Amino acid sequence: MAIYNLGSINADHFYRLAHLPQPGETLAAQSYALGLGGKGANQSVAAARAGAEVRHIGAVGADGRWMAARLAGLGVDCGAVFELAEPSGHAIIQVDEAGENAIVLYPGANRAIAGEDVRRALAGAGPEDWLILQNETSAQVEAARFAQEQGLFVVYSAAPFEAEAAHAVMRYVSLLILNEVEAGQLCSALGVTLADLPVPHVLVTLGSRGAVWHDLGAGAEVRVPAFPVKPVDTTAAGDTFAGYLVAGLAEGLSPAAAMRLAAGAAALKVTRAGTADAIPARDEVNAFLAAQPSE
């Protein structure tokens with residue numbers, strides 16, 4: 001069993017500020033750091049840190065070789081990370097003293113991935129394998145369609161949210177992951193309720209209120225609370241949750257158990273500054289969960 005991830009790889013430029021700037025305001029940063037990020041890279045690292053075999057499909061420019069090396073160093077197979085002529089993607093991340101963030105994203109090479117390269121990367125995948133997708137790359141529909149034909153379980157994180165992109169890929173998706181705002185936007189754009197979405201399973205994250213798994217075929221729900229922690233940096237919390245969730249499901253955990261594992265990982269992540277490099281390892285998450293009060 002392997003988890004394939006067609007996902008973005010970005011250089012994350014972090015600026016810590018007293019508060020997020022208002023329009024027209026210039027602020028001096030309190031600190032600066034450079035790290036590996038991108039929703040795709042974050043989710044790959046999270047799944048790998050959870051113990052899964054992860055194969056990343058993505059692209060960088062010549063300026064991004066260090067990112068592919070760092071991703072590999074964090075336990076991700078980068079045999080299908082292509083070097084393209086375009087510059088690598090990058091993000092400008094501003095984080096305030098409360099841990100909230102504002103992000104400007106340049107897609108770069110992430111949006112130049114060719115469908116035929118994705119198909120080649122997935123050619124050896126089969127029914128026991130998984131595919132994760134987000135909205136920061138090209139070739140999403142081609143990847144989802146091909147993966148479904150190969151019998152993979154396809155997981156789609158509809159972020160950054162685009163209604164048209166979500167609508168185009170949903171018919172090939174087994175599990176759709178959205179936050180509460182994105183779920184409302186998608187249902188509004190399609191003129192349907194959540195129960196009418198054309199996917200078997202939907203997971204809606206609710207921030208500090210946890211998450212809810214909707215089995216649309218059975219009409220059932222599973223709710224898991226979030227763990228209260230003092231946030232330092234909320235960047236990549238959702239990606240940490242998604243990567244750990246898929247890793248848990250892929251190893252055979254129930255939705256409830258996989259969601260609890262993912263909630264623990266996300267809680268630990270927000271207590272640390274950074275993105276991919278700040279995602280906790282499985283033993284750390286297990287220890288954190290063992291210390292929580294019994295339900």
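**Stop 1: the largest nonpolar core**

Begin by selecting Ile 3, Leu 203, Tyr 244 and Leu 245: in the largest nonpolar core, which has 52 residues, these touch the most other members. A nonpolar core here is a set of buried Ala, Val, Leu, Ile, Met, Phe, Trp, Tyr and Cys residues joined through side-chain atoms within 4.5 Å. Buried means under 20% relative accessible area, exposed means over 50%, and partly exposed lies in between (1.4 Å probe, protein chains only). Now colour helix H8 (residues 255-269), which gives this core its largest share, 9 residues. Helices (H or I, at least four residues) and strands (E, at least two) are DSSP runs, numbered from the N terminus.

Before going on, keep in mind that this is a predicted model, where local features need pLDDT of at least 70 and side-chain atom pairs count only at pLDDT 80 or more, while totals for chains, interfaces and linings use all residues. Residues are numbered from 1 along each chain as its sequence is written, and side-chain values use heavy atoms, with hydrogens and water left out.

Which residues is Leu 245 in contact with, leaving aside its neighbours within four places in sequence? Select Leu 175, Ile 177, Leu 203, Ala 258, Met 259 and Ala 262 to see them. Contact means heavy atoms within 4.5 Å. Apart from this core lies another, of 40 residues, including Ala 2, Ala 147, Ala 165 and Leu 194.

**Stop 2**

Next, click on Thr 240 in helix H7. Is Thr 240 buried or exposed? Thr 240 is buried, because its relative accessible area is 0%. Show Ala 46, Ala 265, Ala 266, Lys 269, Ile 279 and Pro 280: Thr 240 is in contact with these once its neighbours within four places in sequence are left aside.

Move to helix H9 (residues 282-290) and pick out its buried residues, Arg 282, Val 285, Phe 288 and Leu 289. They lie on the same side of H9, because they cover an arc of only 125 degrees around the axis. The arc is that of the directions from the helix axis to the C-beta atoms. Turn to the face pointing away from the buried side, and you will find the exposed residues Asp 283 and Ala 290. Among the elements covering the buried residues of H9 are helix H1 (39-49), helix H7 (237-250) and H8.

**Stop 3: strand E4 and its partners**

Select strand E4 (residues 54-60). It is largely enclosed by the rest of the structure, because 6 of its 7 residues are buried. Strand E1 (residues 3-6) runs parallel to E4, joined by 4 bridges; look for Leu 6 opposite Ile 57 in E4. Two strands pair if DSSP finds at least two bridges between them. Strand E5 (residues 77-83) is also parallel to E4, with 5 bridges, and Gly 58 has Val 81 in E5 as its bridge partner.

Follow the chain through E4, helix H2 (residues 65-73) and E5 to trace a right-handed β-α-β unit. Right-handed means that, with the strands pointing away from the viewer, the path from the first strand over the helix to the second runs clockwise.

**Stop 4: helix H2**

Stay on H2 and highlight its buried residues, Met 67, Ala 68 and Leu 71. They line one face of the helix, because they fall within an arc of 100 degrees seen down the axis of H2. On the other side, Arg 65, Ala 69 and Gly 73 are exposed. After H2 comes Gly 75, whose phi is positive, near 100 degrees.

**Stop 5: an open sheet**

Now show the open sheet of 4 strands, with the order E3-E2-E6-E7 and mixed pairing. E3 and strand E7 (101-106) are the edge strands, each pairing on one side only. E2 and E3 run antiparallel, joined by 7 bridges; Asp 12 has Gly 35 in E3 as its bridge partner. H2 packs on this sheet, touching E2, E3 and E6, and its direction makes about 70 degrees with that of E3. Axes are lines fitted to C-alpha atoms, for helices over the stretch in contact, and angles run from 0 to 180 degrees between N-to-C directions.

**Stop 6: strand E8**

Finish at strand E8 (residues 130-133). E8 runs parallel to E1, with 4 bridges, and Asn 5 stands opposite Ile 132.
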